[in-house]
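I opened this notebook page to look up a few places in the model, beginning with the whole chain and then turning to single residues.

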Amino acid sequence: MLTWPSEDVETPERVRQLNDLACSLVDVIAEQGWSLITMPEDQLLRDTAISEARSLNHSSALRREFLPDYLGKDSHSKVGILDDRRSETWALQEVDAELTALCKLLAPITPDALGFTCAGRRKGMVWTPFRDFEEAERLQAQRLSEEDVDAGVLESHLQFIQKRKLCLMRWISNEGGVMELLPRPGNARGPTSIPLSEGKLLIFRCDEFGFNYKPLGQEPVVLTTWIVDTGSKVVQQLATGYFGVDSMQHSEALGILVGPPIPTGHRMHVMAMHGHLPGGALDLDGVECMLTSGTDGFVQIPSTRFDIDLYCTQDG
């Protein structure tokens, strides 16, 4: 198991230790798909982070279909997105800064060591259990709706799935339990069970493993983030609109392999429709009849508009 350097070490030596840690980390991940780091003990930081996690604004915005990608298989918990503008969450911010520091250490070496370009990280997500049944009902995730699909929520999530490469989970508080890494289809590695304990940082290939996080205790708290990659050809093509003229290819790139292909181009909502067109189309049924029968709307100007004989000749 790797160890995070202590802050008591002189700065030049600590920088060297951090760089050595990053190199060792990618070697272990390349070999087995995951690694565990022991973080420095700080009781004040731990206790304050637990208190801050209790008071954090928790979101019910995650859609039920997305929960396994964020919270793992069979997870029943609430989440809060860490806002770096909130000064009252200093302990969680300090833990989050460790994840940012690790991301910066890994960025220069992931292309050669792990085969992807580190393009940054997602905002920290604080995982805590529901206090009671009432809170679980109030913050229950809603199902994906047609409005979500039209608004691009599904496509945004699918692009996140394409880009995520490493998941970082900082175990702040627990009383034991187990973390199960479940290989995705095509991953030759077998499932792995890792005992949970406080003060650890787990890093694993989330593009190769799903997970099942099962902590014990009254107030388990974990801070999670994802390191993402923009080097994916599929993601770059989606971002530049490469599939804008091929709906089938666009659907396949997003991983949607059943049902009709996703329509491409600009989208619009039709809230109401009324038709009053030349050719006797005075309502929507008349418009449909005119279009399906292949006629047009060219008619002689009616006398109720004006007398054409006063202004027009037969030859125009």
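The entries below go from the overall picture to one buried site and one surface site.

Entry 1, the whole protein. I noted at the outset that this is a predicted model, and I read every value below as computed from it. I found 11 helices and 11 strands in the protein, and of its 316 residues 40% count as buried. When I looked up the contacts with a separation of 6 or more, residues 24 or more positions apart accounted for 72% of them. The accessible surface comes to about 18500 Å², and carbon and sulfur atoms hold 53% of that surface.

I asked where T89 sits in the chain, and I located T89 in the loop between β3 (78–81) and α4 (90–106). Is T89 buried or exposed? I count T89 as buried because its relative accessible area is 2%, and the cut-off for buried is under 20%. Leaving out residues up to four places away in sequence, I listed E52, L56, L82 and D83 as the residues that T89 touches.

I then turned to M268, whose place is in the loop between α10 (247–253) and α11 (284–292). With a relative accessible area of 67%, M268 is exposed, since the cut-off for that class is over 50%.

Technical notes
Residues are numbered from 1 along each chain as its sequence is written. This is a predicted model: local features need pLDDT of at least 70, side-chain atom pairs count only at pLDDT 80 or more; totals for chains, interfaces and linings use all residues. Side-chain values use heavy atoms; hydrogens and water are left out. Helices (H or I, at least four residues) and strands (E, at least two) are DSSP runs, numbered from the N terminus. Buried means under 20% relative accessible area, exposed over 50%, partly exposed in between (1.4 Å probe, protein chains only). Contact means heavy atoms within 4.5 Å. Accessible areas come from the Shrake-Rupley method with a 1.4 Å probe; for residues, only the protein chains shown count as cover.
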